[in-house]
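Subject: Structure handover

Hello,

Here is the structure for you to look over. My notes on what turned up follow below it.

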Amino acid sequence: MSLFGKITNSERQVLNVIIVGCGSVGTTLAERLSAEGHYITMIDKDANSLKRVCDTYDVMGIVGNGSSYSILMEAGIESANLVIAVTESDELNLLCCTVAKKVGNCAAIARVRTPDYVDDLPYLRTRLGISMIINPELEAAREIARLLRLPSAISINPFAKGSVEMVKFKLPEKCTLCGKSLMQLQDILRGVLICGVERGEDLTIPGGSFEFEPGDVISFIAPVRNTQLFFKRISIETTAVSSAIIAGGGRISYYLAKMLIDEGIEVKIIEQDENRCSYLAENLDKAIVLCGNSNSEDLLLESGIRETQSFISLTDADEENILLSLYAKKATNAKVITKIDRTSFHNVITELDMDSVIYPRYLITESIIAYARAKHNSLGSSNIETLYQVFDGRAEAIELRVDQVEVTDTPLMKMNLKKDMLIACVNRGGRIFIPSGNDCLMMDDTVIIVTKHSGFDEINDILM
């Protein structure tokens, strides 16, 4: 995914980051953090995988066990600012961070995925002194659950602790917006801000004369209470689903099924492994677990795919998930969600007729990048509340806290703001509004910004 021009400032430091584990998440972090100018050292037991990452990105590699004192010393733990442990073992990740905290004076982030640890995560983080514990499967399940509550959306990115959301949807034929300009739709658009329109490969931040067409992919930001009202005004169905079929019985499926059952949604899970089926049946007593191959058309029909309101492909194979989703699109009118782990053919996947695609690795890398950006500022302020890559990586949506007087008490229309940037929403002590040119920012506001620039880590970055 492409990045745009970086923000530079003499007050900021280059971070010394150690990443333990060079799987898909570790590799993505190496790509993103090295692109932002940080010094990266990778540790992994697999020499071939390590060499592949080091040959591709500007990082240094050390073969060994990331929880080993001697290996961490060789990696420069004493001068490191941040250690990120993302191996396949939760226990190893926690041990790496614990040793790193004892040996060095650095922040530590651990990936912990096992459901057995979910309830213990706050305790572990506090007792072990770990800055952040991340669970990609749990975050993926939360994203899917959001989409099932608003099935007309392609993606939903929450801000302001869930009070604001950035919603992407595809404009259907004969919609109220089609053939009309932004200027003609002010009443319909009240309470929401259109921050981008994708038409083919073109991305536009629309002005007043921009006319909408069927098939446009529109992204807007609004307080949660306004999202449903907006869809109602343009006659797009927004009713949450009442039934779901999940293909694959892995960790995401387990977390998701628990969430959906708690919301009163009927859940069926198709899983091939008999032992895993037994585990799911024992731990999800209100779910219907079907033991069999999700590639079987007969089993899919038997499960009720033609009647279900949602179908979620969560097997371990990307190719299988894609085929299942394409079949579901043909066989049913259900909301279809597809999990993809690899991003090699992202451009091809976006051309396929699928509703929503989630990439679990990006859900956690964005949280880590936001944390690294906050540490990047040598003033030590944790200004970044939330960070997402949007528009297929062509822009970022970032939530920043206002803590610099230079951007306060001046109407936005009179500020010397960067181009290719949109101030989309302001949260002022719980009062959420879309600012006009006459509005001013105030200290302790949080501001949602959509920008083609990469590297924003403080509110002053909005200025030229």
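First, a definition: buried means under 20% relative accessible area, exposed over 50%, and partly exposed in between, with a 1.4 Å probe and protein chains only. This is a predicted model, in which local features need pLDDT of at least 70, side-chain atom pairs count only at pLDDT 80 or more, and totals for chains, interfaces and linings use all residues. Residues are numbered from 1 along each chain as its sequence is written, and side-chain values use heavy atoms, with hydrogens and water left out.

Aromatic pairs

There are 11 aromatic pairs in the structure. Rings of Phe, Tyr and Trp (its six-membered ring) pair if their centres lie within 6.5 Å; planes under 30 degrees apart are stacked, over 60 edge-to-face, the rest tilted. One of the pairs joins phenylalanine 169 to phenylalanine 230, edge-to-face, at 6.2 Å centre to centre and 70° between the planes. It links distant parts of the chain: phenylalanine 169 sits in strand β8 (residues 164–170), phenylalanine 230 in helix α7 (residues 224–233), 61 residues apart. Helices (H or I, at least four residues) and strands (E, at least two) are DSSP runs, numbered from the N terminus. Phenylalanine 169 and phenylalanine 230 are both buried. They also belong to one aromatic cluster with Phe220 and Phe231.

Nonpolar cores

A nonpolar core is a set of buried Ala, Val, Leu, Ile, Met, Phe, Trp, Tyr and Cys residues joined through side-chain atoms within 4.5 Å. The largest one has 54 residues. Phe169, Leu177 and Phe212 have the most contacts inside it. Elements that each supply at least two residues include α6 (136–149), β8, α7 and β13 (266–271). Helix α8 gives the most, with 8 residues. Apart from this core lies another, of 43 residues, among them Ala30, Met132, Ile368 and Ile369.

Leaving aside neighbours within four places in sequence, phenylalanine 212 is in contact (heavy atoms within 4.5 Å) with residues including Leu171, Leu177, Ile194 and Ile218.

Backbone

Most residues other than glycine have a negative phi. Which residues have a positive phi here? Serine 235 is one, with phi near 60°. Phenylalanine 391 is another, at about 55°. Serine 235 lies in the loop between α7 and β12 (243–247). Phenylalanine 391 is in the loop between β18 (384–390) and β19 (395–401). Serine 235 is exposed, with a relative accessible area of 66%. Phenylalanine 391 has 3% relative accessibility, so it counts as buried.

Best regards
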